[in-house]
Amino acid sequence: MSSPVLARPRPQYDAADLLTAYLPGSFYYSSPRGTLLADGVHAAVPAAAGTSRAGAATRALADARAAGLADPIVAGAIGFGPDDEASLVVPALVRRAPAPDETTATSAASSASASARASRVVTPQPDPADYVAAVRKALLHIETGDIDKVVLARALDVTADAPVSVPPLLARLARADPAAHAFAVDVTAPGDPAARTLFGASPELLISRRGRTVTANPLAGSRPRSADDVQNRARIDDLRTAAKDRAEHDIVIRQVADVLRPFCSDLDVPEPEVIGTPTMWHLSTRITGTLADPADPASSSLALAEALHPTPAVCGVPTTTARDVIAELEPARRGYYAGLVGWTDADGDGEWVVTIRCAEASGRNVRVHAGAGIVAGSDPEAELAETRAKFRTLLDALGVTE
Ligand SMILES: C=C(O[C@H]1C=CC=C(C(=O)O)[C@@H]1O)C(=O)O
């Protein structure tokens, strides 16, 4: 492998400038680890269904280095199912900045246009009553022992009276929660009638790798956030102690830890805690590990992300049967929802989040998804309410009152 032609210090940008500079077509990603804005395509990464995207990324990064690209990364998104799309590129230009803070998003958002005030028509897919019926059917699968858990999602199709502009929506998402993993990815595929952008603010870290250290932060078990502090305290206490939510959470933690353990010389799995987003409370476990062999391509951030995906936070247990139940009970394909979005570099470092609290925009249309984990003891109406609360992250950014 030849060394990069240019070996000079990376320029550092301001997080607010990168958020303001984002335009559809770019790749934007910010998290507590830092901000990244990538433009242009040095090379598209072949990402056919059923192939190892991590293997293709490793080859593309080696080629990019050989071609003289300094510090290349692979960035993009991978859909939920093995047959869903992926959109991965080696960008031509990558700009990095520190993590956003309160001021970052405020200054970027204030320069954003007020398009969220336009009129929007919201169509649920499926109807809420059909979602409740699907949850009941999922509970039958659990009762008969086919599965222990499945995550059932639904969508809202939002149609605006004018093309939807993603940059102000991204700025609003970042302003609402500077600690979230905010992203916007061009996912236009050949033959699409209009450009498509996947964007959102995920609270769920699938995997972050920095040298030998890996971190995963699975979430499962939720309560809506209230405007009232007393109610919030009661909901947090309830979430901490509810057996059903703890069971739902433990299923995810067990699988994530089991997948990571063979790659790690040590793995720390602490007790769950409750974390908050602007719209939700979640049971959260921050798992950290030390990689046994960081030079092994199987330990790259994308290879680990592929090994982990789909976690039971978006699919279920056992994975294959849960996937079949999702195919049976969800009327629409998930596409990029519940997949992964992020970046990896040539050393294998990188960060990937679970593609939730997200939407896909194309022209005047935005499709927003939200799901809820179903286990024994789930109440179908409560799961519907949970998806309604999860939608608020995107609907608030869109200025939609459902
Ligand atoms: C599947 C979603 O959330 C997951 C992440 C956190 C909590 C979840 C839950 O409590 O069901 C879900 O597993 C979603 O937001 O669409």
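Predicted model: local features only at pLDDT ≥ 70, side-chain atom pairs only at ≥ 80, totals over all residues.
Residues are numbered from 1 along each chain as its sequence is written.

Helices (H or I, at least four residues) and strands (E, at least two) are DSSP runs, numbered from the N terminus. Two strands pair if DSSP finds at least two bridges between them.

Back to that pair. Strand β4 covers residues 86-97 and runs antiparallel to β2, with 8 bridges joining them. β2, residues 34-44, is also antiparallel to β1, residues 27-31, through 5 bridges. One of the residues to look for there is Phe27, whose partner in β2 is Ala38. β1 and β2 make a hairpin, with 2 residues between them.

Now, what is the strand order in the open sheet of 3 strands? The order is β11-β14-β13, with antiparallel pairing. β11 and β13 (273-276) are the edge strands, each pairing on one side only. On average, neighbouring strands here are turned by 30° against each other, direction ignored; axes are lines fitted to C-alpha atoms, for helices over the stretch in contact, and angles run from 0 to 180 degrees between N-to-C directions. β11 and β14 (residues 280-284) share 4 bridges, and Arg223 has Trp281 as its partner in β14. Helix α7, residues 243-260, lies across β11 and β14 at about 150° to β11. Contact means C-beta atoms, placed from the backbone, within 7 Å.

On to the ligand. There are 17 residues around it, and Leu219, Ser222, Ile356, Gly371 and Gly373 come nearest; "around" means a C-beta atom, placed from the backbone, within 6 Å. β6 (149-160), β11 (219-224) and β20 (365-375) each give two or more residues to that shell.

UniProt, in an unreviewed entry, puts "domain: Chorismate-utilising enzyme C-terminal" at residues 129-390.

Next, burial. I call a residue buried if 20 or more other C-beta atoms lie within 10 Å of its own, exposed if 12 or fewer, and partly exposed in between, with C-beta atoms placed from the backbone.

Most residues other than glycine have a negative phi, and most peptide bonds are trans. Where is phi positive, then? Asp71 is at about 55°, in the loop between α2 (53-66) and β3 (73-78). Arg357 is near 50°, in the loop between β18 (350-354) and β19 (358-362). Is Arg357 buried or exposed? Arg357 is buried, with 30 other C-beta atoms within 10 Å, whereas Asp71 has 15 and is partly exposed.

And the cis bonds: Gln125 to Pro126 has omega near 0°, and His309 to Pro310 has omega about -5°. Pro126 is in the loop between β5 (120-125) and α4 (128-143), while Pro310 is in the loop between α8 and β16 (316-317).

Notes: UniProt positions renumbered as here; feature names shortened; annotations may be inferred. Contact = placed C-beta atoms within 7 Å.
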